[in-house]
Structures are given as C-alpha cells and as structure tokens.
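I opened the notebook to record what I looked up in this structure. The entries follow the order of my reading.

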Amino acid sequence: MDRKVAIIGAGISGLLACKYTLSKGFHPIVFESQSTVGGVWTKTVETTKLQTPKPVYQFSDFPWPESVSEDFPDGQKVFDYVNGYAKHFDLVKHIKFNTKVVGIEFEGPNDEEIQAWSLWGCNGEPFGSKGKWKVVVEDLVTLSTEIYNVDFVIVCVGRFSGLPNIPEFPPKKGPEAFDGKVIHSMEYAAMDHKQAAEFVKGKRVIVVGFQKSALDIAVECSAANGKEDPCTVLYRTAHWNVPDYLPWGFSLAHMYLSRFSELMVHKPGEGLLLSLLATILTPLRYAYSKFVESDIKKKLRLEKHGMVPTHSFLKEISSCLISTVPEKFYDKVENGEIKLKKAPSFSFCNNGVLVEGETSPIEADLVILATGFKGEKKLKHIFMSQTFQDYITGSPDAALPLYRSVYLQ
C-alpha cells in the first residue's frame, strides 16, 4: 500500500527524512515555504561560517567535495553542499517549493480517545487505521489553498528561522519611540551581501544580542564603518563563545561529544547505575569545564574585556548554543571598531537606546535585534487542535520539552 508521508521543511532534516522515507518504499511530499532547499543556509550573513568542524557536519553517504578544503566553510559553500545532496539523490522532485503549511490536523477519533493513546498512530504502529492527517497548505505565489490527506507527518521546521523573537517593551518605550530604524537579524540576513553592507554604511549601529548572528553582524558593521562609527553590541549575558575547537590542543568533540561524555551528565529518567556514575564523575566534569574555560579566557582575553561569563562552560555547551567567535572579533573591540555594553534591560528613546540605570542614551541610527527566534511557538501553532498544541509544548516545568521526545504519527 502506498503510504503518503508529509514532510514539512526542506532543510537538512527534511531532506534526510525524504531520502529515508523513499528508501522504505513510502511516498514523501515535502512542503517548503522558500524557493529552494537548505533551510537556514539559504540566507546567511556574509561572514557566517559553519559552527562545527566539517567532518562532523557531513551526510554519511555524501562526502564534502574535495574543493572545500577548510574545516569551517562559509555559508555559501554549506548551501551548495546541501543543495548538491538534494540533487544527487533526486529529492527535488518530491518537494513543493513556495508552499507554506498553515495547519495540521488529525481527522478521525475525538480528542479524548487521542489523549488515551500511548502512540498517536492509535494502535502502537507507525500507521494507524482510524484516521489520517489533514495538511492544509498555501501556495505563496498564487495564494491558493490546498488540502493533503496523508498517513504520517514529519515536522522539520527548525528552531532558528521563520518567527523572530522581538523583545517586549513598556508603552512608548519600544521601537515606536525611536526616530531611527529597527530590524531583526532575520531581515538583515535576507539582504544580499552588497545590499547589507550599503545598509549599515555610515550608520551608528547597535546590535542587540551576543550569540552567533549578533557577533557576525557586528563584525560586518565594523568592516563597513571602522572607528568612525563603531558598532555597539548590547548584551545581557556573556557567553563562552569558543575561538576554536581545540582547547589547549585537545579536541573539544572528544571531551563533550563522545559516548563517555554522556555518562558524566545526569539525564531525565536515568536509572540508579547511570545516576551513580554521573555523580562519581562530577569532579571530572568540573575539571573538563575549567580546562576549556581557561583556554577561552586566554585566547580571547576575556578578563581584559570584562567578558568572563558567570556560568560554567558545561552549562553553556549543555544548552546546545555554543558558537564560535568571528576571527579578530576582540581585536576589533580593542581598536575601537566594536564596543561591548552590558545591559540587563533597555528601552528606546528618540535618538537611541537607554540602558537601565543610566541617564544618557547610546545614540544610534539603526538597531538590529539579534534576539533569536520563537521556535516552539512556530511549532505549536502549526497544529490546529489544542490537544496537539498542548502535546507539543508540554508543561512549563517539564524537564524536557515534549516536542523533542514524541513522534507525530
């Protein structure tokens, strides 16, 4: 029987899902809101490079081309590699581009019966017999709507795109109070590289945030304006952003991405033996963290810049948000091209940004909010049923968001 599988998103996860559903004899239909494959790699800041070493970021059955010699290729090379994967395995013909999924609903049983299932396939198998998934999609070119009935849904929408996280401000203290322009990093990344450089040229720019996008954009602003109009990076928390993956010459991957390293961390639902082992290995876990921290502090001169984080490197890497510092970032801080400003909170005024506790604003013409994305909200609202929205988000005090541990069957 020809089983239809809806796959939402044609980034790396979506392409892998497409390839392996085909290998199982199923019929995949991939819905992609953009005009090409690649997910977050379709639009990147010019200075953005791969965050993990190339050998780790590789399809098991599709090696990087020999022409890519560096360990951390730039965004265009990563996009070309992902696009090459889709073409090599003839996946493009299964993708409907410029097609946005606006709703998913399971038709058949009522909500009470669904809530009683241990698996959403209703019978403990991947495919149930009591209903089908209804996937409502919108063609972004013609604005027409179409409904697909499928047997299985795989959601690959990603967390770092689509729905920007915009900070909330008190009345009359948000972007509306500012005479300049406020954009999100997503809008900046959507510009072509020449357009982006012209956009920030000659402007006093404030970048809000201290993760990868913020650092990359700050470097580009400094390249466009130098010391004449230094870029100010407004941050709330200093992070253990790494200069490389070889602390004191040792491999960070071997320290934190190996099977042994997993034994050092307490996990939800672990048994007595694993819990005891993680407790015994606590001193080693602490030593690993301090070892890496000392390397980062030395290479990036964090103490000199007052940028030593108050939390441990272990906590940082456990968040899965480790990012690399752009080359010569702190050199630009030292020579005055980039200014770092800690701000627990801030508000807008007519000529710039006012940091909490200060009386004089930081004057600006442009503020770029590199404040991330609302990945969970984007995932939640793709479902039409409140029951499934609740399944996806889980309870506020859950040890692990439910959407990471369920299969949409």
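**Entry 1: the cores.** I am working with a predicted model. I looked up the largest nonpolar core first, and I found 48 residues in it. The residues with the most contacts inside this core are Val-200, Tyr-256, Phe-313, Phe-329 and Tyr-330. Helix H6, residues 212-225, gives the most to this core, with seven residues. I then noted another core apart from it, with 24 residues, including Leu-50, Val-68, Phe-79 and Cys-156.

**Entry 2: Phe-313.** Which residues is Phe-313 in contact with, leaving aside its neighbours within four places in sequence? I listed Trp-240, Val-242, Leu-252, Tyr-256, Ser-289, Val-292, Glu-293, Ile-296 and Ile-322. Tyr-256, one of these partners, is also among the residues with the most contacts inside the largest core.

**Entry 3: the whole protein.** I counted 15 helices and 15 strands in the protein. Its radius of gyration is 23 Å, close to the 22 Å that the globule rule gives for 409 residues, so the protein is as compact as a globular protein of that length. I also noted the box that the C-alpha atoms fill, roughly 65 × 55 × 50 Å along the principal axes. Of the 409 residues, 43% count as buried. For contacts with a separation of 6 or more, I found that 69% are between residues 24 or more positions apart.

**Entry 4: surface and charge.** The protein exposes about 21500 Å², and carbon and sulfur atoms supply 55% of that area. I looked up the charges as well: there are 46 positive and 48 negative ones, and their mean positions are 3 Å apart.

**Entry 5: Val-353.** I found Val-353 in strand S13, residues 352-355. Is Val-353 buried or exposed? Its relative accessibility is 0%, so Val-353 counts as buried. Leaving aside neighbours within four places in sequence, I noted that Val-353 is in contact with Ile-206, Leu-234, Phe-346, Ser-347, Phe-348, Pro-361, Ile-362 and Val-367. I also checked Lys-173, which is 180 residues from Val-353 along the chain; their C-alpha atoms are separated by 9.4 Å.

**Entry 6: Glu-334.** Not counting residues up to four places away in sequence, Glu-334 touches Arg-301, Lys-304 and His-305. His-305 is 29 residues from Glu-334 along the chain, and I noted 8.5 Å between their C-alpha atoms.

Definitions and conventions. Residues are numbered from 1 along each chain as its sequence is written. This is a predicted model: local features need pLDDT of at least 70, side-chain atom pairs count only at pLDDT 80 or more; totals for chains, interfaces and linings use all residues. Side-chain values use heavy atoms; hydrogens and water are left out. Helices (H or I, at least four residues) and strands (E, at least two) are DSSP runs, numbered from the N terminus. The radius of gyration is taken over C-alpha atoms; the globule rule is 2.2 Å times the number of residues to the power 0.38. Buried means under 20% relative accessible area, exposed over 50%, partly exposed in between (1.4 Å probe, protein chains only). Contact means heavy atoms within 4.5 Å. Accessible areas come from the Shrake-Rupley method with a 1.4 Å probe; for residues, only the protein chains shown count as cover. Lys and Arg count as positive and Asp and Glu as negative; His and the chain ends are not counted. The place of a charge is taken as NZ of Lys, CZ of Arg, CG of Asp or CD of Glu. A nonpolar core is a set of buried Ala, Val, Leu, Ile, Met, Phe, Trp, Tyr and Cys residues joined through side-chain atoms within 4.5 Å.
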